[in-house]
Amino acid sequence: TIASGAPVSGMPLPNPATLGGKGVAAVAPELKAGVKTVGAGIPGNNGAIQVGAVAELPLVGQIPNVPGVEFAMVNGTKIVPQNYSQLYHGTNNSYLGLPSSMTPAQVAKELFANGLPARGKNIDLIEHALKNVDDRAFRGTTQVPLTQEQNAGAAFWADEGGVVIEIKGASGYDVNAALEGRVWSVNKGYGGNPSFGEQEIAVAGAIAPNMISRVGVVQLDARTGRKKIVWIERKNE
């Protein structure tokens with residue numbers, strides 16, 4: 001199986017912060033450049049194949065011991081991620097492990113300071129899509145915060161009162177593309193992502209603080225009744 005990726009250059013390494021219970025500063029000697037050299041149709045790291053790549057492709061946010069950063073698995077085949085300029089993750093205080101009493105401004109301050117922690121160790125994209133394992137390494141994101149139809153996007157899943165996190169420069173996996181024709185069903189044979197409508201880009205759970213550019217709270221417009229996002233921007237300090 002051949003997976004495709006798009007190069008992005010000049011992305012910074014994560015700031016020292018705690019991710020998944022392990023300080024990035026503690027593994028600083030291992031971080032270095034996080035670069036692999038690949039070419040069109042040439043195997044890259046870990047035996048995965050990448051098409052349309054160029055030499056010196058940075059592994060954005062590469063952090064040792066964080067499953068899913070370098071590759072995911074689909075039916076025993078390694079799939080390498082693509083790089084995205086921005087993605088959106090929908091969540092809420094409960095899923096973030098934060099008190100319900102925290103205001104959006106307090107939640108944003110927490111995320112700007114600490115980022116998002118690593119999750120489980122299972123990097124199987126099919127099991128992630130089927131949501132049938134508890135130790136999934138990935139968290140779901142979308143390429144738009146909310147579709148015009150308001151039936152997809154991070155804000156749709158976060159719902160009213162939830163939180164949308166804008167993530168810059170993340171590497172992720174287009175779940176619909178990766179699973180097309182690879183998901184087995186007893187009744188239908190091989191098909192695609194059972195949650196196709198989610199339009200998900202799966203990313204490794206650990207998100208460094210400097211990759212979070214702004215945080216929004218989902219509200220309902222009093223006049224139209226439609227969802228809207230009120231953004232809290234990261235302040236340049």
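A residue is called buried when its relative accessible area is under 20% and exposed when that area is over 50%. The legends below apply these terms to a predicted model.

**View 1. Val66, a buried loop residue.** Val66 belongs to the loop that links strand 7 (57-58) with strand 8 (72-74). Its relative accessible area is 12%, so Val66 is classed as buried. Beyond residues up to four places away in sequence, Val66 touches Ala204 and Ala206. Lys121 is 55 residues from Val66 in sequence, yet the C-alpha atoms of the two lie 7.9 Å apart.

**View 2. Val186 and a nonpolar surface patch.** The loop between strand 13 (183-185) and strand 14 (189-191) contains Val186. Because its relative accessibility is 73%, Val186 counts as exposed. Together with Trp184 and Tyr190, Val186 makes a nonpolar surface patch of about 430 Å².

**View 3. Strand 16 and its pairing with strand 12.** Strand 12 (residues 163-174) and strand 16 (residues 212-220) run antiparallel and are joined by 5 bridges. Within this pairing, Val163 has Val217 of strand 16 as its bridge partner. Strand 16 also has the highest confidence in the chain, at a mean pLDDT of 97.

**View 4. The hairpin of strands 16 and 17.** Strand 16 is joined to strand 17 (residues 227-233) by 7 bridges, again in an antiparallel arrangement. Arg214 stands opposite Glu233 of strand 17. The two strands form a hairpin with 6 residues between them, and Gly225 in the turn adopts a positive phi of about 75 degrees.

View 5. The lowest confidence in the chain falls in strand 4 (residues 35-36), with a mean of 30.

**View 6. The chain as context for the close-ups.** The chain contains 6 helices and 17 strands. Of its 237 residues, 45% are buried. Among contacts with a separation of 6 or more, 67% are between residues 24 or more positions apart. The chain exposes about 12000 Å², of which carbon and sulfur atoms supply 50%. The average pLDDT of the chain is 77, and 72% of the residues score at least 70.

Note on methods
Residues numbered from 1 in each chain as written. Predicted model: local features only at pLDDT ≥ 70, side-chain atom pairs only at ≥ 80, totals over all residues. Heavy atoms only, no water. Pairing = 2+ DSSP bridges. Helix = DSSP H or I, 4+ residues; strand = E, 2+ residues; numbered from the N terminus. pLDDT = per-residue confidence, 0-100. Buried < 20%, exposed > 50% of the residue type's maximum accessible area, 1.4 Å probe, protein only. Contact = heavy atoms within 4.5 Å. Patch = residues over 30% accessible without salt bridge, like charges linked within 9 Å, V, L, I, M, F, W, Y side chains within 5 Å. Areas by Shrake-Rupley, 256 points an atom, 1.4 Å probe, with all protein chains shown as cover. Salt bridge = Lys/Arg side-chain N within 4 Å of Asp/Glu carboxyl O.
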